[in-house]
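Visitor: I am new to this structure. Could you walk me through it, one question at a time?

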Amino acid sequence: MAEAPERVTQAAARRRRTAYGLNTALAVLLLLAIVTLVEALSYTHNRRFDLTEGTRQSLSDQSVKVLRGLTQPVKAVAFTTPDRGDRAFLENLLRLYAYHSDQFTFELVDLDRNPASARRYGVSAPNTVVIESGAKEEKVLLPTEEKLTNALLKVTREGNRVVYFLQGHGEGEVSNTDRPGFSQARDAIQGANYEVKELLLLREKDVPENAAVLVVAGPKRDPLPAELTALERYVQRGGKLLVLLDPYQAPALATLLENYGIRSGRDVIVDRLSRVLGGDYLIPVVTQYESHPITKEFTLASFFPFARTVDAAPSPPQGVTVQVLARTGEGSWAETDRETLNRGQARFDAGKDRRGPVPVGAVATVEVKPPAKKGEAKAAAEGDAAGGRKARIVAYGTAAFASNNYLNLSGNRDLFLNSISWLAEEEDLVGIRPREAKFTPVILTAGQGQAAFWIGVILPPAAVLLVGVGVGIRRRRAR
Amino acid sequence: MGVAAIFKRELRAYFASPVAYVVMAVFLALSGYFFWGFLARFTFYSIQASMNPAFGGGLNIMEFVLGPLFHNMSIVMLLMMPLFTMRLFAEERKSGTMELLLTYPVRDAGILLGKFLAAVVLLLCMLALTAIYPILLTAWSSPEPLPILAGYLGLILIGTAFLSLGLFASALTENQIVAAALAFGALLLIWVIGWSADLAAGTVGKVLGHLSFLNHFEAFARGVIDTKDLIYYVNATAVFLFLTLKAVEARRWRA
């Protein structure tokens, strides 16, 4: 009889423990659920407070503006390898981009472990970011904030920017896949997110408004006077022109260029060095590049088959800045004697021929005057101060270097594409100076160095230990 | 007030035992050594920069001395904090004073809070002693004050998170060494879990990276306060304190 209540209380206690246990488990689960939710929300709705001077741990205002203006999803795929030190830098940078826009997402991809993904984007070097949006993509090597933001602008740009190829005077044709054609140049330009179209100025009155660049690729005959004035109008309104001028062709076009400080010679460049490289005398090798955005970080040689000299005028017209882009090597010269050249003999004639290195490409920037009214010099000055549009012209002494024949030879393709992209450079592309932290040097005297050691390393732990020993002794005495 | 009584009792116990002094001294010795090392390297860079005008842009104390120092301090704290907390509940259980404590007219949460606050004050004392580094730097150069404060805020937050985890470990066992070992293990695991974020792709990787204690410290060390890092540490502290509370309560109903 005495056993029964005992068993009942034990069972009750067990029941109570189970109830408490369930209760606790439920409470813990509930807390974890709440915390998970809070964490998820805080992750997506975070706010940063950059306390550094000049907020150098944050993106610049320009980038933030671009990111706030995003209306379509943009994805960045960053290729790195885990052992690289720049991985953390890259991740931090991309995280800042994602912070300012919900439309921006990014992904870090290990280049070594995802060769398929790397191949799909055509990436071979670590520390490369591919920015893609819709069908457009832009590759950024050695990413910086400036490069990433500009790539972002390019892939989200509304409407297609068109690179026109002038037709109708025997120019290279973009539809022509044969050796002298320009189909590969077209593919390359399309790869850089531009549309490529042919332009018949005989039919159109003017160069279309949406022209990013107009390419005149080696005309065999001169454009008609009406076309030339259309070209001139195009330049005057800030157009971008790439002219590839073959020797002896299109003298009127050469004259037009001369008005903008670009002088093309009545000659053909002969290069003895190119023989060494297995080519012809008439394929000069270009290895010297002048400092310019087009040739920046350019180290490859390029080949200019059957080229004339293109030089910068020593005293260009007002408002025009002109400079040489590239030169042939030593041992080349500009042959002016067409007769002997045709006979397959060429010899340097001192006094007549120009000794190498000779220039084969030049670039001109033309200040476009706003349509100023007479007598209002002040308005014009203000227009200048505002930094109005500038026309840009790049000219090379041969069209063949960008034809299917030669485009993929050495540096030709890069030089051609660099020229196109420099010409087409959008007005809205931004320049962001990397923000460097203030230089706060510490140069210690020997005494200060010792002080740093004693005050920093020895003193604090020693003081704490002394106090501890003191307390210990007092307690022992008190006992 | 019950909490205040527990708090005073624990604080007195800390300063009466050698543990607090030894832990602090070791922490300060290591931190001081790192400080000195980073400063020596920075001095070397500064001399190079002063000889070469093209060099030296961005040579800033926050980036080259204090940021890395804060990082290293957070790792030393990861090793030291369990020693502050291992005793708090384990010893009470071992010596049988836990039952006595539970009969106090203080709620379990009050006991927990008192013990936790005492450990936090110890942490603050320890960090306050490291203020000697920025003070020395201010005497010799011009470091930015706000990023330094952000760094210290980060250290305090990560420290309290470590303490709350240590407290939980201490409530699970009556052996101090076991409590410390549990806390070490858990802290290291949560630390290195961030590494596997690189290996796991997509969301899993992101979650793992987010769980890591030290990933959230990075921004603080660079002078940036991000609400998500702040909330993470507050959440982590709250979770472990809550778990500790449940563990202490379990003493009552399981007995």
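Visitor: Which helix of chain B has the highest confidence?

Guide: This is a predicted model, and chain B averages a pLDDT of 89. Within chain B, the lowest confidence falls in helix 9 (residues 196-199), with a mean of 68. At the other end, with a mean of 96, is helix 7 (residues 145-172) of chain B.

Visitor: Which element gives the largest share of the side of chain A that touches chain B?

Guide: Happy to show you! Between chain A and chain B, 15 residue pairs are in polar contact. The elements of chain A that give two or more residues to this side are helix 1 (3-44), strand 1 (48-50), helix 3 (86-100) and helix 13 (446-478). The largest share, 16 residues, comes from helix 13 of chain A.

Visitor: Which residue stands opposite A:Phe49 in strand 1 of chain B?

Guide: Strand 1 of chain A pairs with strand 1 (residues 224-226) of chain B in the antiparallel sense, over three bridges. In that strand of chain B, the residue opposite A:Phe49 is B:Ile225.

Visitor: And which strands stand at the edges of the open sheet of three strands in chain A?

Guide: The order in this sheet is 11-16-17, with antiparallel pairing.

Definitions and conventions. Residues numbered from 1 in each chain as written. Chains lettered and ligands numbered in written order. Predicted model: local features only at pLDDT ≥ 70, side-chain atom pairs only at ≥ 80, totals over all residues. Heavy atoms only, no water. Pairing = 2+ DSSP bridges. Helix = DSSP H or I, 4+ residues; strand = E, 2+ residues; numbered from the N terminus. pLDDT = per-residue confidence, 0-100. Polar contact = N/O pair within 3.5 Å; in protein donor to acceptor, adjacent residues only side chain to side chain.
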